[in-house]
Amino acid sequence: MSSQHPEQKAEQAADQLPAHSEEERKEQPIARTGMFGAKTTGDTSGYGGLVVRQSPKVSSPRPYGGPEGTADEGPFDEVANELERALPDFGDAIERVVVDRGEMTFFVKREHIETVARTMRDDPKLRFELLSGVSGVHYPQDTGAELHAVYHLLSITHNRRVRLETTAPDADPHVPSVVPVYPTADWHERETYDFFGLVFDGHPALTRIEMPDDWVGHPQRKDYPLGGIPVEYRGAEIPPPDERRSYT
């Protein structure tokens with residue numbers, strides 16, 4: 001007799017069902033191996049054997065609700081409506097809108113990111129005065145959009161938070177800088193460039209901010225090796241995770 005809980009059995013059975021339609025295919029599991037430069041076992045401290053779900057690129061349906069997650073129209077709908085009103089090329093600039101876990105993200109085509117950011121800042125009904133950070137993300141499996149830049153906006157006037165997100169391919173890692181709109185992006189964009197290799201065109205001084213100036217590569221990318229790199233100034237070398245001593 002199996003000791004598994006009935007819900008565990010149901011989940012495993014669902015995972016084994018073949019996906020026949022396009023919508024089902026979008027939710028197929030992906031097994032990642034050989035990440036972070038591992039060349040031997042393919043495992044990097046457990047990450048290599050991790051099975052994750054491929055997220056489909058879809059927009060959230062209206063009404064968006066708000067941070068509380070209600071099913072009725074709320075603050076997120078107001079932000080979307082005002083941005084659509086204030087931005088003449090809203091349909092061309094905004095690829096999709098995603099509301100998840102009480103957070104709202106506008107996915108913006110990279111050529112429009114500065115215009116959208118300026119609208120978010122200057123329109124009195126939006127008034128997102130503060131850019132609190134620019135985050136980089138690397139999705140190796142997202143072909144043609146491997147590099148993501150995420151902008152965290154805060155409206156002090158209306159007490160609201162939203163995100164803008166734009167992408168660039170590995171082959172052309174260029175995104176317009178938003179420093180002319182939000183001067184606080186200066187060091188944030190430098191850090192994202194340093195760690196992920198995103199080039200922010202128009203930045204006043206896009207140089208490394210964390211790593212040494214002569215460092216090769218961008219250490220927070222998923223394809224960057226975790227070990228085997230000489231430690232700066234010490235001449236030592238850290239082995240890859242799957243070649244380190246095991247205590248199990």
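These questions and answers walk through a predicted model of one protein chain. Residues are numbered from 1 along the chain as its sequence is written. Local features need pLDDT of at least 70, side-chain atom pairs count only at pLDDT 80 or more, totals use all residues, and side-chain values use heavy atoms, without hydrogens and water.

Q: How many helices and strands does the chain have?
A: Both are DSSP runs, numbered from the N terminus. A helix is H or I with at least four residues, and a strand is E with at least two. The secondary structure comes to six helices and nine strands.

Q: What share of the residues is buried?
A: Buried means under 20% relative accessible area, with a 1.4 Å probe and protein chains only. The chain has 248 residues. The buried share is 38%.

Q: Which residues have the most contacts inside the largest nonpolar core?
A: A nonpolar core joins buried Ala, Val, Leu, Ile, Met, Phe, Trp, Tyr and Cys residues through side-chain atoms within 4.5 Å. The largest one has 36 residues. Elements giving two or more residues to this core include α5 (113-122) and β6 (147-155). The residues asked for are Phe106, Met120, Tyr151 and Leu164.

Q: How far apart are the end C-alpha atoms of α6?
A: Helix α6 covers residues 185-196, twelve residues. The expected span is 1.5 Å times one less than the number of residues, so α6 should span 16 Å. The model agrees: the end C-alpha atoms are apart by 16 Å.

Q: Which residue follows α6?
A: Its phi is positive, near 85°. The residue is glycine 197.

Key:
Buried means under 20% relative accessible area, exposed over 50%, partly exposed in between (1.4 Å probe, protein chains only).
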